[in-house]
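I set out to record what I looked up in this structure, entry by entry.

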Amino acid sequence: NAQGYYVYRKEPNGSFKKIATTTSTSYTDTAASKTKAYYYMVKAYNGLTTSSSSNSILRKATLSISAKNVSNGIKIQWSKANTDVVYKLYRRQKKTASWKLYATIGSTAYTNTKVTLQQNYQYAVKAYYKNTLISNQANSSLITHKLVAPTLKTSVNKKKVTLTIGKVSGATKYQIYRKTKTGSWKKMTTTTKLTYTNTFSKSGSYYYRVQAYYTKNEKTYYSPYVTSSLAKIK
């Protein structure tokens with residue numbers, strides 16, 4: 001004998017609010033965000049008479065996750081679910097291995113510093129609200145931990161150009177190259193230090209580039225190059 005139905009929705013830490021009135025026995029919530037979890041319930045009505053609430057159902061959030069190499073490890077980031085949520089981060093080293101819980105955190109980013117160069121890693125994340133799983137598991141792609149390009153800053157003081165290199169975890173040395181505006185690259189030095197000063201006797205304009213590397217089992221692994229802006233010596 002129902003004339004229609006009220007549809008209610010809430011986030012896990014919220015309260016139910018009416019979002020629709022319909023005479024149909026189905027409803028599509030097109031305003032719902034896929035990255036948020038929602039509970040839904042329905043009440044039937046006839047005139048001023050309203051039924052008790054239906055059971056509530058949980059629509060889990062669908063998260064996205066990515067992983068990238070950074071100077072001190074692998075940085076994992078994922079989309080934010082609801083507020084007051086705890087995330088459980090899992091890790092494995094091949095797609096056929098079992099997932100192992102690696103960290104439980106309240107933010108949407110984590111840097112995994114305990115990684116080995118040239119090893120593979122895959123990550124997954126789940127969202128929980130008060131110990132209730134409110135998201136589907138999101139998996140990153142399998143990533144190989146590699147050296148990233150160092151950062152590079154240049155400063156010019158009279159006839160000196162000083163390079164400041166950002167430390168790359170796992171790198172043992174840095175190769176420094178230089179070229180004129182229209183010339184070709186020439187190696188200046190290989191160093192373990194993070195600063196290098198190039199002294200000139202006359203004016204000119206130069207680019208610099210730096211590459212980090214390390215050697216393991218008689219094989220050398222290189223980072224990408226980072227190139228400076230044009231340094232002008234007057």
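**Entry 1. Arg9 and Asp29.** I looked up the pair Arg9 and Asp29 in this predicted model and found that their side chains form a salt bridge, with N and O 2.7 Å apart. I then placed both partners in the chain: Arg9 belongs to strand E1 (residues 4-10), while Asp29 sits in the loop between strand E2 (17-22) and strand E3 (38-46). The two residues are 20 residues apart, and the pair links distant parts of the chain. I also checked the accessibility of Asp29, whose relative accessible area is 15%. Asp29 therefore counts as buried, since the cut-off for that class is under 20%.

**Entry 2. Lys36 and Glu11.** I next looked up Lys36, which has a salt bridge to Glu11. The closest N and O atoms of this pair are 3.4 Å apart, and I noted that the limit for a salt bridge is 4 Å. Lys36 lies in the loop between E2 and E3, and Glu11 in the loop between E1 and E2. This pair, too, links distant parts of the chain, its members being 25 residues apart. For accessibility I noted 29% relative accessible area for Lys36, which is partly exposed. Glu11 is also partly exposed, at 23%.

**Entry 3. Salt-bridge count.** How many salt bridges are there by this rule? I recorded a count of two.

**Entry 4. Arg209.** I turned to Arg209, located in strand E20 (residues 204-216). Which side chain of opposite charge is nearest to Arg209? I found that it is Glu218, 25 Å away. Arg209 is buried and yet has no salt bridge. I then listed what surrounds Arg209, leaving aside neighbours within four places in sequence. Its contacts are Leu152, Gln175, Ile176, Tyr177, Trp185, Tyr225, Val226 and Thr227.

**Entry 5. The sheet E6-E7-E10.** I looked up an open sheet of three strands, in the order E6-E7-E10, with antiparallel pairing. Strand E6 (65-70) and strand E10 (109-112) are the edge strands, each pairing on one side only. From one strand to the next, the twist averages 20°. I then examined the pairing of strand E7 (residues 73-78) with E10: the two run antiparallel and are joined by four bridges.

How values were computed:
Residues are numbered from 1 along each chain as its sequence is written. This is a predicted model: local features need pLDDT of at least 70, side-chain atom pairs count only at pLDDT 80 or more; totals for chains, interfaces and linings use all residues. Side-chain values use heavy atoms; hydrogens and water are left out. Buried means under 20% relative accessible area, exposed over 50%, partly exposed in between (1.4 Å probe, protein chains only). Lys and Arg count as positive and Asp and Glu as negative; His and the chain ends are not counted. Contact means heavy atoms within 4.5 Å. Two strands pair if DSSP finds at least two bridges between them. Axes are lines fitted to C-alpha atoms, for helices over the stretch in contact, and angles run from 0 to 180 degrees between N-to-C directions.
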